[in-house]
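Work through the exercises below with the model open. Try each task before reading its solution.

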Amino acid sequence: GICILAILGVFTGTLKRSDSLFTMSVSIVQKTRALIVGTGLSGSLTCYHLRASAKKRAIPIRIDVADMARGPGGRMSTTRYGDENIRANTGAQYLSTSSTKTAALLETVCASSHPPHCPLERVEDPRKRSTHFVLHPDEAYTHWLPRDGTNSAVK
């Protein structure tokens, strides 16, 4: 996914690249305002980590999030229908990761409220599709289905 992060304020920092990933190290020296454009998985994770980092360092920050869609989720769209609130995942059918840290973060975020914000179920053998983006062998991945819809993981 893609998100745009604009930080307004006085800061110093570095941007490093390793294994096709960018890591940003920032020191913010006064109250800062951030705008994250895109509320898919990338934008939501950017917001999550930026908020956690600011809180850990006691940095006052205002984070605004914008998206052209009616709600968060990006390609993780969940449609609700009728009085019984029937759900259908019309975007991503489940969330997959080959990283134990990412799986732990997903479990933490989804269990972070009472009752759990998005109860998770592990999908042992999902249907394979030609549209899967695969960096590692299939057996390296775990697959998760948030029971309230895939976009509930970012709400």
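The model is predicted: local features need pLDDT of at least 70, side-chain atom pairs count only at pLDDT 80 or more, and totals for chains, interfaces and linings use all residues. Residues are numbered from 1 along each chain as its sequence is written, and side-chain values use heavy atoms, with hydrogens and water left out.

**Exercise 1. The open sheet**

Task: Give the strand order of the open sheet of three strands.

Solution: 
1. The order is β8-β10-β9, with antiparallel pairing. Strands here are DSSP E runs of at least two residues, and helices are H or I runs of at least four, numbered from the N terminus. Two strands pair if DSSP finds at least two bridges between them.
2. β8 (95–97) and β9 (120–123) are the edge strands, each pairing on one side only.
3. On average, neighbouring strands are turned by 30 degrees against each other, direction ignored.
4. Three antiparallel bridges link β8 to β10 (residues 142–146). Ser96 stands opposite His143 in β10.
5. Helix α2 lies across β8, β9 and β10, and runs at about 15 degrees to β10. Axes are lines fitted to C-alpha atoms, for helices over the stretch in contact; angles run from 0 to 180 degrees between N-to-C directions.

**Exercise 2. The core**

Task: Find the residues of the largest nonpolar core.

Solution: 
1. Apply the definition: buried Ala, Val, Leu, Ile, Met, Phe, Trp, Tyr and Cys residues joined through side-chain atoms within 4.5 Å. Buried means under 20% relative accessible area, exposed over 50%, partly exposed in between (1.4 Å probe, protein chains only).
2. Nine residues qualify: Met76, Leu95, Ala103, Leu106, Cys110, Cys118, Trp144, Ala153 and Val154.
3. Helix α2 (residues 100–110) supplies the largest share, three residues.
4. Take Leu95. Beyond four places in sequence, its contacts (heavy atoms within 4.5 Å) include Met76, Leu106, Trp144 and Ala153.

**Exercise 3. Asn89 and Thr78**

Task: Which side chain makes a polar contact with the side chain of Asn89?

Solution: 
1. Asn89 is in strand β7 (residues 86–89); Thr78 lies in strand β6 (residues 78–81).
2. Check accessibility. Asn89 is partly exposed because its relative accessible area is 22%. Thr78 is at 1%, so Thr78 counts as buried.
3. The partner is Thr78, at 3.1 Å. A polar contact is a pair of N or O atoms within 3.5 Å; within protein, one must be able to donate a hydrogen and the other to accept it, and residues adjacent in sequence count only if both atoms are side-chain atoms.
4. The side chains of Thr78 and Asn151 make a polar contact of 3.0 Å.
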